[in-house]
Amino acid sequence: RKDGSRFWASGVITAVRDQRGKLIGFSKITRDLSDRRRAEEEVRKLASLVGHSSDFIGIASVEGDVQFLNPSGQALVGLDGDTEVRTTRIPDYIFHQDMDRFRNQVWPSIMRDGEWEGEMRFRHFKTGAAIPMLQKAFCIKESGTDRPLALATISRDITERKRAEDELRLAQAEVAHASRVMTMGELTASIAHEINQPLAAIVNNANACGRLLDLQPPDLEEVRQAVADIAQAGTRAAEVITRIRALLKKKTTARDRVDINEIILEVLALVTGELEKNHISTQTDLLPNLTPVLGDRIQLQQVILNLIVNGIEAMSAVADGSRRLLVRSQTHESGNVLVAVQDTGAGLDPKSAPHIFDAFFTTKTAGMGMGLPICRSIVEAHGGRLSLTPNQSEGATFEFTLPACA
């Protein structure tokens, strides 16, 4: 052809025929270009995946300067565009109340171990509001040397999950409160008995004071003793009312170091009338100087109260035989604190045993089936375990363990 293209093509063919090495070099270039195109396609796919992800995905330098944040992350924390992102540093994203934890725990862990995973609150740049996040942070390292090149995070907004957990806790607290109220309703006679005893003592001692003062001369020493008895009875009545009010509180108290033996004795004092009415003898075997546990005093009172009431009801259904309630406290072989409530009631029905802690399962005609499930939830929330086992001779034993304070 006049434009010389034929000769150009002939030259290439001649070169290929004469110099096989050049043919090989050309093929290598072709493969390199093909590999580059595939790599670019993979990068575009990855960029599309990151760009469309609903998670918070960011990259920062080892020094903490933020270099990239995907659109979902920008929207979550209230940033407008990549320009704003590149003016920020990693600590700018942390909610101020979590800053000490981030500096003292999270950042050292990333630098030491190369990664960290857990819950962290981010900060909204415009409103300052806290955003609960489940965060995975890690180092991007150089291949072969493990030299840190950058820091990255993939985090997920768990605001809705936290809200659901709060609603669940509120619902559980409502059910637990209803259970306490119902239990106290069942113990009305016992409560009346407990309050009437000190009130009767107050009245009797007051009448005795009147008679002693009418004597000529008045017996002032006996009057002083009667007045002291009145004060003691009044204090006892006030303690009963305080325990009842504590059990009926809707809001639980903060966890603190508590003496489990004290709680056992407080609950037994509350159910004295119920025990006497059902002709139940009570025995305690409490280990002196038992290690305290970390817990909510009101919730632990509720657990022991429910277990004792269950024992009372189990023995009330038995017409013959002795009725004995034994409450023990001791140190478990694991080092935890163990509490056991043992009765001589009808025992454990093998058919009911697998379901005894199921919600709404009850063997009582007027029961709600919530007492034992709530007890188990409370014990497990304190890091312990609750179980029920049949006794060798008669009745059954509830046992629960709680972690002992260091």
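## Disulfides and cysteines

Counting a disulfide as a pair of cysteine sulfur atoms within 2.5 Å, you get zero disulfides here. Bear in mind that this is a predicted model, where local features need pLDDT of at least 70, side-chain atom pairs count only at pLDDT 80 or more, and totals for chains, interfaces and linings use all residues. Residues are numbered from 1 along each chain as its sequence is written, and side-chain values use heavy atoms, with hydrogens and water left out.

Buried means under 20% relative accessible area, exposed means over 50%, and partly exposed is what falls in between (1.4 Å probe, protein chains only). Cys209 has a relative accessible area of 9%, so it is buried. Cys405 comes out at 15% relative accessibility, so it counts as buried too.

## Overall make-up

The protein has 12 helices and 12 strands. These are DSSP runs numbered from the N terminus, with helices being H or I of at least four residues and strands being E of at least two. Of the 406 residues, 36% are buried.

Contact here means heavy atoms within 4.5 Å. Take the contacts between residues at least 6 apart in sequence: 61% of them join residues at least 24 apart.

## Aromatic pairs around Phe56

Searching the whole structure turns up four aromatic pairs. The rule is that rings of Phe, Tyr and Trp (its six-membered ring) pair if their centres lie within 6.5 Å; planes under 30 degrees apart are stacked, over 60 edge-to-face, and the rest tilted. Phe56 and Tyr93 have ring centres 6.1 Å apart and planes at 80°, so this pair is edge-to-face. It bridges distant parts of the chain, 37 residues apart: Phe56 is in strand 1 (residues 56-60), while Tyr93 sits in the loop between helix 4 (81-85) and helix 5 (99-113). Both Phe56 and Tyr93 are buried.

Phe56 also pairs edge-to-face with Phe122, at 5.1 Å centre to centre and 70° between the planes. This is another link between distant parts of the chain, from strand 1 to Phe122 in strand 3 (residues 115-123), 66 residues apart. Phe122 is buried, like Phe56. Ring pairs tie Phe56, Tyr93, Phe122 and Phe125 into a cluster.

Arg123 lies over the face of Phe125, 4.5 Å from the ring centre; the test is NZ of Lys or CZ of Arg within 6 Å of the ring centre and within 35 degrees of the ring normal.

Two strands pair if DSSP finds at least two bridges between them. Strand 3 and strand 4 (residues 130-141) run antiparallel over nine bridges. Along that pairing, Arg121 has Pro132 of strand 4 as its bridge partner, and Trp116 stands opposite Ala137 in strand 4. The two strands make a hairpin with six residues between them, and Gly128 in the turn has a positive phi of about 80°.

Strand 4 also pairs with strand 5 (residues 148-157), antiparallel and over nine bridges. Here Gln135 has Ser155 in strand 5 as its bridge partner. This hairpin has six residues between the strands, and Gly144 takes a positive phi near 95°.

Helix 9 (residues 260-270) has a run of buried positions: Ile260, Asn261, Ile263, Ile264, Val267, Leu268 and Leu270. An α-helix has 3.6 residues a turn, so residues three or four places apart point the same way. At the start of helix 9, a side-chain oxygen of Asp259 comes to within 2.9 Å of the backbone nitrogen of Asn261.

Ser329 has 3% relative accessibility, so it counts as buried. Not counting residues up to four places away in sequence, Ser329 touches Asn261, Ile264, Asp285, Leu286, Leu287, Leu290 and Leu338.

## Pro198 in helix 7

Helix 7 (residues 188-214) contains Pro198. At 1% relative accessibility, Pro198 counts as buried. Leaving aside neighbours within four places in sequence, Pro198 is in contact with Ala233, Arg236 and Ala237. Pro198 and Arg236 are 38 residues apart in sequence, with 6.6 Å between them in space, C-alpha to C-alpha.

Technical notes. Polar contact = N/O pair within 3.5 Å; in protein donor to acceptor, adjacent residues only side chain to side chain.
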